[in-house]
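Please look over the two-chain model shown here before reading the notes that accompany it. The notes are arranged by topic, so that each can be checked against the coordinates in turn.

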Amino acid sequence: MDYDGSEPSSFPIAVKVLIAGGFGVGKTTFVGTVSEIEPLSTEAVITEASAGTDNLDGVAAKSTTTVALDFGRITVDPRTVLYLFGTPGQERFWFMWNELSEGALGAVVLADTRRLDACFDAVDFFERRGIGFLVALNEFDGAVRYDPEEVRAALKLHSHVPIVACDARDRRSGVAALAALVEHLLTATVPSSL
Amino acid sequence: MTVYDGASWLDEEAGRLVRPYAISNGRTIPTQELDLLSMVMATGRRDRAQLDLEHAQALDLCRVPTPVAEVAGRLRLPLMITKVLLSDLIDTGAATARPPGSGANMESRDLLEVVLNGLRRL
């Protein structure tokens with residue numbers, strides 16, 4: 001592909017989807033399974049004092065924390081690249097990091113039915129931000145399979161939020177969960193012709 | 001006190017030997033507004049031989065438009081340091097950047113359909 005830097009339209013479009021959920025729920029596995037590249041990682045410093053940005057206003061700023069961000073990539077067409085960012089599971093700080101969530105197409109909230117409470121924070125966050133999401137129940141070996149409606153009741157999810165089953169270790173299953181998310185986002189988007 | 005003999009701890013596991021903030025000369029605030037997915041591309045207007053190692057490596061990664069996050073991941077540098085390096089490259093005309101989504105001229109619905117069709121083809 002030949003890119004001409006003088007033409008803004010020659011830059012491909014990069015979009016992001018967040019893969020959220022509690023610690024140990026399989027986010028890193030999910031990103032690694034569906035990504036076309038070996039997942040990459042970087043570190044970001046977030047400060048409580050500058051909630052909303054990740055800029056450090058000074059070395060004396062209080063409550064700074066470093067969060068590790070894993071991400072992968074799917075080229076969906078020659079001009080459009082989807083980046084999948086696994087949200088830092090152990091750190092509540094990422095919720096204050098606008099750069100991560102701003103402009104996100106949507107989010108997959110991975111849930112383990114044995115520990116549903118681990119995804120409460122992520123569900124709250126996306127509801128409050130108005131970011132479209134679905135809940136993907138990661139089917140761990142030996143996990144009790146709950147009825148999706150039981151999960152919906154437990155998470156107090158709105159009826160329009162899809163709940164899908166997913167095996168984070170299986171590429172096809174992960175891609176299907178992503179496609180289900182985008183289908184959901186499309187139903188929530190008014191056609192441009194109207 | 002431990003005395004390092006130099007060679008014994010120089011291996012892959014030791015990781016980076018130069019502190020990240022030394023690479024950016026202690027700077028933690030980039031001069032350019034760069035987002036995780038801002039696309040950066042080399043302009044070809046600067047000779048990489050004039051650059052130090054880290055700037056040259058960052059520039060090499062941007063031969064095709066590459067988002068900030070990917071440059072950071074590949075250089076194994078913290079996001080903020082990467083933004084400082086890329087800002088330097090943009091400030092000197094060695095690279096140019098586009099914020100995420102700009103120049104797309106695409107309705108969000110059309111974009112979603114492109115993504116959905118792409119996922120279904122996988």
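What follows is a briefing on the folds of the two chains and on the contact between them.

The structure is a predicted model. Chain A holds a seven-stranded open sheet of mixed pairing, whereas chain B holds a three-stranded open sheet with antiparallel pairing. Contact between the chains involves 40 residues of chain B and 38 residues of chain A.

**Chain A: overall make-up**

- Chain A contains five helices and seven strands, and, read from the N terminus, its elements follow the order β-α-β-β-β-α-β-α-β-α-β-α.
- Of the 194 residues of chain A, 41% count as buried.
- Among the contacts in chain A between residues at least 6 apart in sequence, 72% connect residues that are at least 24 apart.

**Chain A: the seven-stranded sheet**

- The strands of this open sheet are arranged in the order β2-β3-β4-β1-β5-β6-β7 of chain A, with mixed pairing; the edges are taken by β2 (40-47) and β7 (163-166) of chain A, each of which pairs on one side only.
- On average, neighbouring strands of the sheet are turned by 30 degrees against each other when direction is ignored.
- Strands β5 (residues 106-111) and β6 (residues 133-138) of chain A pair in the parallel sense over five bridges, and within this part of the sheet V108(A) has L134(A) in β6(A) as its bridge partner.
- β1(A) and β4(A) also run parallel and are joined by seven bridges, with I19(A) standing opposite G86(A) in β4(A).
- β3(A) and β4(A), by contrast, pair in the antiparallel sense over seven bridges, and they form a hairpin with two residues between them.
- G86(A) in β4(A) is also the bridge partner of D70(A).
- β4(A) is mostly covered, since six of its seven residues are buried.

**Chain A: an exposed helical position**

- A153(A) lies in helix α4 (residues 148-155) of chain A, and A153(A) is exposed because 11 other C-beta atoms lie within 10 Å, where 12 or fewer is the limit for an exposed residue.
- The C-alpha atoms of A153(A) and A107(A) are separated by 20 Å, and these two residues are 46 residues apart along the chain.

**Chain B: the three-stranded sheet**

- The order of the strands in this open sheet is β2-β1-β3 of chain B, and the pairing is antiparallel; β2 (66-67) and β3 of chain B stand at the edges with a single partner strand each, so one side of each is left without a neighbour in the sheet.
- β1(B) and β3(B) pair in the antiparallel sense over four bridges, and M41(B) stands opposite T96(B) in β3(B).
- α4(B) packs on this sheet, where it touches β1 and β3 of chain B, and its direction makes about 110 degrees with that of β3(B).

**Chain B: helix packing**

- The axes of helix α2 (residues 53-61) and helix α4 (residues 79-91) of chain B come within 10 Å and cross at roughly 80 degrees; α2(B) and α4(B) are therefore roughly perpendicular to each other, as the range for that description is 65 to 115 degrees.
- E54(B), H55(B), A58(B) and L59(B) of α2(B) make this contact with L85(B), L86(B), D88(B) and L89(B) of α4(B), and these residues divide into five nonpolar, one polar and two charged.
- The buried residues of α2(B) are E54(B), H55(B), A58(B) and L59(B), and they lie on the same side of α2(B) because they cover an arc of only 135 degrees around the axis.
- The elements that cover the buried residues of α2(B) include α1 (20-23), β1, α3, α4 and β3 of chain B.

- On the side of chain B that touches chain A, β1 (39-42), α3 (68-75), α4, β3 (95-98) and α5 (108-121) of chain B each supply at least two residues.
- α5(B) gives the most to that side, with 12 residues.
- By class, the side of chain B that touches chain A has 22 nonpolar, nine polar and nine charged residues.
- α5(B) packs on the sheet of chain A, touching β1 (13-20), β3 (64-77) and β4 (80-86) of chain A, and its direction makes about 75 degrees with that of β3(A).

Technical notes
Residues are numbered from 1 along each chain as its sequence is written. Chains are lettered from A and ligands numbered from 1 in the order in which they are written. This is a predicted model: local features need pLDDT of at least 70, side-chain atom pairs count only at pLDDT 80 or more; totals for chains, interfaces and linings use all residues. Axes are lines fitted to C-alpha atoms, for helices over the stretch in contact, and angles run from 0 to 180 degrees between N-to-C directions. Angles under 35 degrees count as roughly parallel, over 145 as roughly antiparallel, 65 to 115 as roughly perpendicular and the rest as oblique. Two residues are in contact if their C-beta atoms, placed from the backbone, lie within 7 Å. Ala, Val, Leu, Ile, Met, Phe, Trp, Tyr, Cys and Pro count as nonpolar, Asp, Glu, Lys and Arg as charged, and the others, Gly among them, as polar. A residue is buried if 20 or more other C-beta atoms lie within 10 Å of its own, exposed if 12 or fewer, and partly exposed in between; C-beta atoms are placed from the backbone. The arc is that of the directions from the helix axis to the C-beta atoms. Two strands pair if DSSP finds at least two bridges between them.
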